[in-house]
Amino acid sequence: KRQGINAEYGKHKKQNNIHSLHSMRKAFIFDFDWTLVGANSDTYVVEQLSPSLMPHFSSLLSECGHRWTVVMDRMMQKLFEAGFLSEQLSSALASIPLSQEMREVLSLLRSNGYELYIVSDANSFFISSILKAKGLDEFFLPENIFTNPAEVKEGRLHISPYNNFSTPHNCPHCPDNMCKGKIVLQSILQKKQLERVCYAGDGRGDYCPSLSLDENGKVFCRKNYPLEKEIAQGKSKLKAEVILWGNDTELLNSIKLMAAAADDQ
């Protein structure tokens, strides 16, 4: 009889723990290019619409002082001059690679109580076009997407920096148009009072936000991409656990393990 009572108590305690974990304020933050989608959306759209313009990226980088957002705005002008309007941009972006495993990642995270965010150095037009085309816009509230603003004027897409160049953010890790660490810290962590935060990324710009996570956080770092090297060089500065993934299947499996471990607590 006592064993039955203990078993029932254990079952009830586990159910309470699961309920507590699911009611925790949790967030999962995604980089976009080469993380959420399997390509660089900036170069992808140019390659799809006008491959002959691809060599211009190198010359524009030099002309624009290596400010990528300015380069992309100039490239949108070139596409416009070649006859490509915003509708053609959206159509091209709709074919960008996005795996079924990534769809499962988003569904699993949402079912486990995670609020989903995107912090990306792409732009709002590209991201919204891709999410809508892939049927993933339901996973991300508009206010949970932080990226360079973009707007269409008379068919031509204009891209602006997230951070105005005249008011520098002074972060040594990030490009001058965007400090992802500042966004994660000030616009997500401090405003939302989250108890657990995870971040998935691949690039050098994803190192700074990784530093913002505490001991309860996890950084899902893509293998053989620049973020892995940045972490290796400054790992002692990170408080969060680092989990490596090479493809979307590995990321999905890692998140399944995380969810299972939470249910067992």
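Contact, throughout this tour, means heavy atoms within 4.5 Å. The model is predicted, so local features are given only at pLDDT of at least 70 and side-chain atom pairs only at pLDDT 80 or more, while totals for chains, interfaces and linings use all residues. Residues are numbered from 1 along each chain as its sequence is written, and side-chain values use heavy atoms, with hydrogens and water left out.

**Helix H2**

Select residues 41–49, which form helix H2; helices (H or I, at least four residues) and strands (E, at least two) are DSSP runs, numbered from the N terminus. Seven of the nine residues of H2 are buried, so this helix is largely enclosed by the rest of the structure, where buried means under 20% relative accessible area, exposed over 50% and partly exposed in between, with a 1.4 Å probe and protein chains only. Colour Ser41, Asp42, Thr43, Tyr44, Val45, Val46 and Leu49 to see the buried residues, and then display what they pack against, namely helix H3 (56–63), H4, helix H5 (86–93), S2 and helix H7 (124–133).

**The sheet**

Next, show the six strands that form an open sheet in the order S3-S2-S1-S6-S7-S8, with parallel pairing; two strands pair if DSSP finds at least two bridges between them. Strand S3 (145–148) and strand S8 (241–245) stand at the edges, each with a single partner strand, so one side of each is left without a neighbour in the sheet. From one strand to the next the twist averages 15°.

Move to strand S4 (residues 150–153) and strand S5 (residues 156–159), which run antiparallel and are joined by four bridges. Ala150 stands opposite Ile159 in S5, and in the two residues between the strands of this hairpin, Glu154 takes a positive phi near 55°.

From here select Asp73, which has its place in helix H4 and counts as buried at 19% relative accessibility. Leaving aside neighbours within four places in sequence, Asp73 is in contact with Arg156, Leu157, His158 and Ile159.

A search of the whole structure finds two cavities of 30 Å³ or more. On a 1 Å grid over the protein atoms alone, a cavity is a set of points where a 1.4 Å probe fits but cannot get out, and a pocket is an open set with protein on both sides within 12 Å along at least five of seven lines, lining residues having an atom within 4 Å of a point. The second largest cavity, of about 30 Å³, is lined by residues including Asp42, Trp68, Asp121 and Ile159, and the elements giving two or more residues to this lining are helix H4 (68–81) and strand S2 (114–123).

Finish at the largest pocket, which holds about 630 Å³ of space, a volume being the space filled by probe spheres set on the grid points, joined across faces, edges and corners. Of the 25 residues in its lining, Asp121, Lys180, Gly203, Arg204 and Gly205 lie nearest the centre, and the largest share, three residues, comes from S2.

Terms used: Axes are lines fitted to C-alpha atoms, for helices over the stretch in contact, and angles run from 0 to 180 degrees between N-to-C directions.
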